[in-house]
Amino acid sequence: MFSNSDIEQSMTIRLDDELPKMPKFVEGIRRAPDRGFTLSEEETKIALKNALRYIPERYHKQLIPEFMEELKSRGRIYGYRFRPEGRIYGKSIDEYKGNCIEGKAFQVMIDNNLDFDIALYPYELVTYGETGQVCQNWMQYRLIKKYLEVLTRDQTLVIQSGHPLGLFRSNPNAPRVIITNGLMVGLFDNQKEWHRAMQLGVSNYGQMTAGGWMYIGPQGIVHGTFNTLLNAGKLRLGVAKDGDLRGKLFVTSGLGGMSGAQPKAVEIANGVGIIAEVDYSRIQTRLEQGWVNKVSSDFKEIFDWANDAIENKKALSIAYHGNIVDLLQYIVENNINVDLLSDQTSCHAQYDGGYCPQGLTFDERTKMLNENREQFKELVDKSLRKHYELIKRLTERGTYFFDYGNSFMKAVYDAGVKEIVKNGIDEKDGFIFPSYVEDIMGPMLFDYGYGPFRWVCLSGKHEDLIKTDHAAMECINPNRRGQDRDNYIWIRDAEKNQLVVGTQARILYQDAEGRMKIALKFNEMVRKGEIGPVMLGRDHHDVSGTDSPFRETSNIKDGSNIMADMATHCFAGNAARGMSLIALHNGGGVGIGKAINGGFGLVLDGSHRVDEIIKSAISWDVMSGVARRAWARCEHSIETSIEFNKKYNGTDHITIPYIVDERLL
Ligand SMILES: NC(=O)c1ccc[n+]([C@@H]2O[C@H](COP(=O)([O-])OP(=O)(O)OC[C@H]3O[C@@H](n4cnc5c(N)ncnc54)[C@H](O)[C@@H]3O)[C@@H](O)[C@H]2O)c1
């Protein structure tokens with residue numbers, strides 16, 4: 001038999017021997033709501049034993065009541081005591097300990113994901129999207145850091161739902177970190193089982209870049225939102241190819257982690273936006289960042305501002321402090337014209353606090369969530385049904401409504417509105433309103449390979465970011481396609497638009513060739529000492545990164561929209577080609593069981609070795625998705641694949657589908 005002392009002695013990498021003191025909780029930091037404690041007595045014992053696995057036996061007696069209290073009052077054991085005192089933020093890479101550049105780089109990324117200016121609920125390790133966590137608890141956070149400090153180029157760190165399983169021998173061309181989050185066996189892959197697994201401490205909801213350590217603050221989503229709004233205007237409002245949203249009104253909700261990008265994006269597109277938000281603290285954050293222009297809870301004032309801006313074709317964003325359903329009701333009752341309409345409440349977690357029902361203030365919502373979840377659920381459903389009716393009224397008047405990938409339409413369906421699904425039976429054939437991917441992002445961007453490429457200047461120096469912006473701009477030919485022109489303008493104006501929150505990072509939609517060119521250029525700049533090392537990555541919400549019939553693959557019409565082969569292959573292929581970090585998650589923006597998504601991180605250290613990885617891995621990372629989309633008969637992907645086969649004849653080759661004449665069927 002073995003004792004706990006044998007176990008302790010057998011581990012050289014473990015939490016410190018001393019129990020840390022409970023750190024202070026600073027007033028005013030947003031806190032995650034109670035997630036609900038539903039475990040049986042036996043399961044509760046397992047949850048406690050699971051959390052105590054990280055901690056020496058001598059502290060167990062002391063920690064059991066503390067962890068029990070967390071579990072009962074928060075629905076999770078976060079291990080608050082193990083949280084570092086004070087603010088966390090991504091520092092310069094030189095300030096981190098490590099045996100290899102990647103080990104240090106990932107620490108920058110993790111700390112940036114938990115930056116108090118960025119993270120939605122930093123004390124609960126939630127980066128964004130209501131429930132998207134870096135890892136499950138602070139014991140894991142500490143242990144991951146310890147592993148990253150000793151990680152060498154000949155090892156790979158394995159992270160399973162936030163738990164660092166260990167370091168295993170590999171080689172310099174293998175990923176340094178492999179992450180999975182929330183993957184569940186099919187039969188159990190549902191919200192109920194996941195909720196149990198989270199309480200037991202065996203699952204983590206990584207969203208996308210939260211658990212994949214690649215979040216770059218709200219900027220990450222601004223470019224996509226800008227592209228979506230601009231292209232919605234071109235597609236539905238008669239905006240010219242080189243035009244913008246001048247004089248157009250966009251109404252939506254949410255000023256949270258990703259949704260907070262909406263006011264900034266609509267202003268960059270020169271339009272007028274009114275964004276409803278129930279939580280004043282989030283409005284405050286966006287006001288302080290300069291990401292939203294004005295705030296009011298008075299409809300008359302709001303529409304006076306909006307009308308003035310519309311008439312004078314001025315860009316303006318306004319936060320409405322209140323519920324989106326109240327705002328829409330006012331709009332319908334007063335016959336106000338809305339050009340573009342969407343919603344970005346966290347409907348992927350509508351019953352966990354993601355959607356605030358009409359009639360409750362934000363504080364009342366939090367209280368009811370804690371005290372009466374059944375009643376809360378009823379109110380959410382009632383509010384969603386009304387929300388839907390109001391949207392219907394507006395679309396009948398000519399407003400273009402699109403679902404913003406937050407599972408809004410699925411939530412409406414779950415609330416009992418059967419007419420929202422196309423086939424009147426289930427969600428398999430989609431919904432009556434388009435999702436932004438179905439109409440806009442899929443056909444206009446993903447099918448060509450354009451997606452949310454991003455980088456972080458690990459030195460933390462702003463001058464490095466400016467140099468990379470200029471270098472990236474030089475890699476784009478604005479005359480190649482309309483998309484290139486939009487991207488060129490985006491990067492040209494990026495500095496002026498003051499997008500950085502947290503680390504010195506940039507988002508830039510690019511296709512396979514663009515991403516490769518830019519990556520090689522940056523690596524060369526690192527080699528020449530012109531800039532410090534760079535972390536490349538992307539959102540999982542990309543061409544190949546995510547399989548989800550509710551979002552990324554909603555424009556896939558060959559029946560394979562329910563398959564998750566693409567995201568899984570993308571992940572495996574990136575491992576085989578030597579990306580520094582690879583991640584694969586269940587859930588993402590739309591919720592457990594509704595998506596499989598993955599991403600990567602590649603540390604540019606200036607070496608020729610990394611040049612070779614860029615050439616094979618970046619191409620694969622994008623083109624595997626284009627190839628799948630082509631096989632599903634997405635028109636623009638077929639065009640892109642034909643070009644690709646010509647250009648890379650002899651090295652790469654995509655199978656392209658023959659098209660059947662519909663009249664034969
Ligand atoms: N921005 C994107 O490109 C993008 C892409 C895909 C999915 N999403 C989805 O959008 C949703 C929002 O993401 P997030 O990171 O901003 O989440 P978040 O939880 O940080 O923000 C949502 C905000 O909505 C507010 N809210 C909730 N109910 C409301 C109501 N009835 N009226 C007004 N405000 C209300 C909340 O207070 C919160 O601030 C998620 O479901 C996410 O998956 C966004």
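Which hand does the crossing of α20 and α21 have?

A: The crossing of α20 and α21 is left-handed (the near helix is turned anticlockwise from the far one by less than a right angle; clockwise would be right-handed). This is a predicted model, in which local features need pLDDT of at least 70 and side-chain atom pairs count only at pLDDT 80 or more, while totals for chains, interfaces and linings use all residues. Residues are numbered from 1 along each chain as its sequence is written.

Helix α20 spans residues 608-631 and helix α21 residues 635-647, and the two pack with their axes 8 Å apart at an angle of about 120° (lines fitted to C-alpha atoms, for helices over the stretch in contact; angles between N-to-C directions, 0 to 180 degrees). Helices (H or I, at least four residues) and strands (E, at least two) are DSSP runs numbered from the N terminus. The pair α20 and α21 is therefore oblique (under 35 degrees is roughly parallel, over 145 roughly antiparallel, 65 to 115 roughly perpendicular, the rest oblique). On the α20 side, Met-623, Val-626, Ala-627, Arg-629 and Ala-630 make the contact, and on the α21 side Ser-637, Ile-638, Thr-640, Ser-641 and Phe-644 do so (C-beta atoms, placed from the backbone, within 7 Å). Sorted by class, this contact of α20 with α21 has six nonpolar, three polar and one charged residues (Ala, Val, Leu, Ile, Met, Phe, Trp, Tyr, Cys and Pro are nonpolar, Asp, Glu, Lys and Arg charged, the others, Gly among them, polar).

Asp-469, Ala-472 and Met-473 of α16 meet Tyr-488, Ile-491 and Arg-492 of α17, a contact with four nonpolar, no polar and two charged residues. Helix α11 (residues 324-333) packs with α13 (residues 373-396) at an angle of about 30°, their axes being 10 Å apart, and the crossing of α11 and α13 is left-handed. That contact joins Ile-324, Val-325, Leu-328, Gln-329 and Val-332 of α11 to Ser-383, Lys-386, His-387, Leu-390, Arg-393 and Leu-394 of α13, and by class it has six nonpolar, three polar and two charged residues.

Among the strands, an open sheet of six runs in the order β8-β9-β7-β6-β10-β11 with parallel pairing (pairing needs at least two DSSP bridges between two strands). Its edge strands, each pairing on one side only, are β8 (294-296) and β11 (400-401). Within the sheet, β6 (residues 249-253) and β7 pair in the parallel sense over five bridges, and Ser-253 has Ala-276 of β7 as its bridge partner. Helix α8 (residues 261-268) lies across β6, β7 and β9 (316-321), running at about 175° to β7.

By class, the shell has 13 nonpolar, 18 polar and four charged residues.

Methods. Contact = placed C-beta atoms within 7 Å.
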